[in-house]
Amino acid sequence: MSEPYFDHERLDVYRRARQLNQRLRQLLESLPRGFSDSKDNLKRAAKSISRNIAEGAGKWMIPDKVHYYHIARASATECAASLDELVDFALADERQIRDVKRILAEIVAMLIAMIRSLEAREHSDMRS
């Protein structure tokens, strides 16, 4: 990876989101033709994860950061549901989506930890 120029590029969760995008691209390329709505929705949700992490990292106020990290987390869970739909509609099997879902679970856990840390910091700042 190249030298980070922006705050979000220094975040492990952002780097993990980029890895997710790369793995997801491979998965989507392996799917049968058709069902573009399912593929597009999955791509859109995945893009939302990295974009909202970047936007949150660029905010100065803690509530603003937390807001965007919550959106990124929700987009990650939307991706997980979209992957399940691929299996439900026989476009992919469990084995194909396992690694992508593992990455999503890591991203969700990282975002939750970041949100909790920021909220705790904000509450301690308010007491001071």
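Buried means under 20% relative accessible area, exposed means over 50%, and partly exposed is in between, with a 1.4 Å probe and protein chains only. I'm writing that down before anything else. My test case is Arg23, which is partly exposed with a relative accessible area of 30%.

**Ground rules**

I'm working from a predicted model, where local features need pLDDT of at least 70, side-chain atom pairs count only at pLDDT 80 or more, and totals for chains, interfaces and linings use all residues. Residues are numbered from 1 along each chain as its sequence is written, and side-chain values use heavy atoms, with hydrogens and water left out.

**Entry 1: the whole chain**

I looked up the helices and strands, which are DSSP runs numbered from the N terminus (helices are H or I with at least four residues, strands are E with at least two). The chain has four helices and zero strands, so its pattern along the sequence reads α-α-α-α. I then checked the box filled by the C-alpha atoms: roughly 55 × 30 × 20 Å along the principal axes. Of the 128 residues, 37% are buried.

Next came contacts, meaning heavy atoms within 4.5 Å. Among those between residues at least 6 apart in sequence, 69% join residues at least 24 apart.

I also noted the surface, with areas from the Shrake-Rupley method and a 1.4 Å probe (for residues, only the protein chains shown count as cover). The chain exposes about 8000 Å², and carbon and sulfur atoms supply 50% of it.

**Entry 2: salt bridges**

My rule here is a side-chain nitrogen of Lys or Arg within 4 Å of a carboxyl oxygen of Asp or Glu. How many salt bridges does that give? The count comes to eight.

I picked out Arg16 and Glu106, whose closest N and O atoms are 2.6 Å apart in their salt bridge. Arg16 lies in helix α1 (residues 12-30) and Glu106 in helix α4, so this pair ties together parts 90 residues apart in sequence. Glu106 is partly exposed, at 29% relative accessible area. Arg16, Arg102 and Glu106 are linked in a network of salt bridges.

Back to Arg23: which residue does Arg23 form a salt bridge with? The partner is Asp99, with the closest N and O atoms 2.9 Å apart. Arg23 sits in helix α1 and Asp99 in helix α4, 76 residues apart, which links distant parts of the chain. Asp99 counts as partly exposed at 30% relative accessibility.

Glu29 and Arg25 also form a salt bridge, at 3.7 Å between the closest N and O atoms. Both lie in helix α1, four residues apart, about one turn of the helix. Glu29 counts as exposed at 59%, and Arg25 as partly exposed at 48%.

**Entry 3: the negative patch**

For charges, Lys and Arg count as positive and Asp and Glu as negative, while His and the chain ends are not counted. I found Glu78, Glu85, Asp88 and Glu94 gathered in a patch of negative charge on the surface. Such patches take residues with over 30% relative accessible area and no salt bridge, joining like charges within 9 Å. Helix α3 (residues 62-88) gives the most, with three residues. Glu94 is in helix α4 (residues 94-127) and is partly exposed at 47%.

**Entry 4: Ser82**

Is Ser82 buried or exposed? Ser82, in helix α3, counts as buried at 6% relative accessibility. Leaving aside neighbours within four places in sequence, Ser82 is in contact with Asn41 and Leu42.

How values were computed. Patch = residues over 30% accessible without salt bridge, like charges linked within 9 Å, V, L, I, M, F, W, Y side chains within 5 Å. Charge placed at Lys NZ, Arg CZ, Asp CG, Glu CD.
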